[in-house]
Amino acid sequence: MSLTLDTYRLLGRSGLRVSPLALGAATFGTESGWGAEQDEARKLFDAYVERGGNFIDTANTYSDGSSERLLGEFTRDDRESLVLATKYTALRRPGDPNSGGTHRKSLFASVEASLRQLNTDYLDLLYLHVWDFTTPVEEILRGMDDLVRHGKVLYVAISNTPAWQVSRMQAIADLRGWSPLVALQIEHNLIDRTGERDLIPMAREMGLGVIPYSPLAGGVLTGKYSRDDLTATNAGSGDGTRKSFNLALGTLTERNLAIADVVQEVATELGRTPAQVGLAWALQSPGVTAPIIGARTPAQLEDNLGALEVDFTAAQLARLDEASAIELGAPHGLLASDHIREVTKGDLKVETRR
Ligand SMILES: NC(=O)c1ccc[n+]([C@@H]2O[C@H](COP(=O)([O-])OP(=O)(O)OC[C@H]3O[C@@H](n4cnc5c(N)ncnc54)[C@H](OP(=O)(O)O)[C@@H]3O)[C@@H](O)[C@H]2O)c1
């Protein structure tokens with residue numbers, strides 16, 4: 001496989017053309033504790049765009065708004081050729097209950113704030129960021145559709161929401177003639193493949209392009225961590241580094257370091273880096289449109305873009321699959337069994353849709 005950033009792909013059930021790797025801007029700004037200063041962020045942006053990249057991912061509250069503000073600066077000269085994606089839902093003012101959430105007031109106010117921060121008069125793609133179990137889905141979908149009709153948003157999408165709820169939303173949007181969801185953003189990487197149970201098959205069936213975030217599991221798949229990092233003395237204690245964050249999220253564990261070891265072995269065989277192998281695996285996963293790169297430095301970005309040229313052998317893919325396998329869970333474990341195949345198809349040759 002040899003792709004380039006300007007080998008564009010269609011996003012879900014839409015005609016929008018996006019690069020096969022998106023550029024994540026959560027590292028733009030230093031407020032998170034692990035991001036890049038303005039000059040460094042500018043270099044990341046320029047390097048990505050110069051290679052033909054057009055798909056940029058941010059959110060209303062990344063780096064307390066600095067991510068959107070920096071992008072507003074960087075896109076000043078050429079806004080139109082970019083596909084700018086941002087998200088709403090996170091609380092924008094602590095203590096103000098309506099400054100966050102999935103409801104209409106939060107949706108409209110957040111979009112207005114993002115338009116100001118991004119210094120633009122439209123968003124190419126707006127994600128609902130996190131499902132909050134409160135707002136009726138008709139309120140969300142109708143609000144999204146109104147924003148599309150007003151020309152403030154071109155396409156709508158969703159992240160971090162149960163598959164059954166997204167599936168229901170898409171059916172309602174279709175039946176009402178409202179703007180459909182064109183993308184599903186989820187964590188998907190060799191350490192967390194749980195999206196393969198329901199979210200990814202749902203997205204493929206319902207016309208949403210899958211956009212994996214944290215394709216390197218916060219850096220754990222790059223091989224930069226060792227067993228020493230698991231011990232309390234080396235663990236860091238909420239010191240704001242990405243390592244502390246990974247420990248707090250439960251991403252840095254013995255199981256996950258064992259998966260990173262297999263990634264390293266495959267990388268050595270291919271003459272590639274572990275980051276390229278981890279990203280290439282996400283890029284080549286069924287249903288995936290474009291994983292989001294999370295580079296903090298230009299050197300990391302350059303390394304990660306090498307994922308576009310990685311070719312696996314079937315044996316290498318099988319080893320990665322085995323090392324990272326998950327329990328299928330109900331009902332998928334039962335449905336994958338020989339017994340059920342026998343009951344539903346006998347010895348007939350029937351194609352299976354997945
Ligand atoms: N929808 C959501 O809820 C959601 C959630 C998370 C992220 N996202 C999006 O997805 C993007 C990527 O997520 P992510 O930052 O978690 O991605 P990631 O690729 O899993 O992790 C990125 C981190 O790994 C390290 N790294 C990256 N490339 C490396 C390399 N080649 N060599 C060594 N270390 C490397 C860097 O951390 P250090 O150098 O500091 O160790 C970097 O900040 C974000 O920017 C954001 O746009 C969305």
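## Aromatic rings

In this predicted model, F28, F45 and F74 are joined into a cluster by ring pairs, a pair being two rings of Phe, Tyr or Trp (its six-membered ring) whose centres lie within 6.5 Å. Across the whole structure, a search finds 4 aromatic pairs.

A charge also sits over a ring: R79 lies over the face of Y122, at 4.1 Å from the ring centre, where the definition asks for NZ of Lys or CZ of Arg within 6 Å of that centre and within 35 degrees of the ring normal.

## The nonpolar core

F28 is also among the residues with the most contacts inside the largest nonpolar core, together with L11, F55, L184 and L320, and this core has 95 residues. Such a core is a set of buried Ala, Val, Leu, Ile, Met, Phe, Trp, Tyr and Cys residues joined through side-chain atoms within 4.5 Å, with buried meaning under 20% relative accessible area for a 1.4 Å probe, protein chains only. Its largest share, 7 residues, comes from helix α9 (residues 274–283), helices being DSSP runs of H or I with at least four residues.

Leaving aside residues up to four places away in sequence, F55 touches several residues, including L11, V18, L23, Y48, L125, Y127, I211 and A290, where contact means heavy atoms within 4.5 Å.

## Basis of the values

Residues are numbered from 1 along each chain as its sequence is written. Local features need pLDDT of at least 70 and side-chain atom pairs count only at pLDDT 80 or more, while totals for chains, interfaces and linings use all residues, and side-chain values use heavy atoms, with hydrogens and water left out.

Terms used
Buried means under 20% relative accessible area, exposed over 50%, partly exposed in between (1.4 Å probe, protein chains only). Helices (H or I, at least four residues) and strands (E, at least two) are DSSP runs, numbered from the N terminus. Rings of Phe, Tyr and Trp (its six-membered ring) pair if their centres lie within 6.5 Å; planes under 30 degrees apart count as stacked, over 60 as edge-to-face and the rest as tilted.
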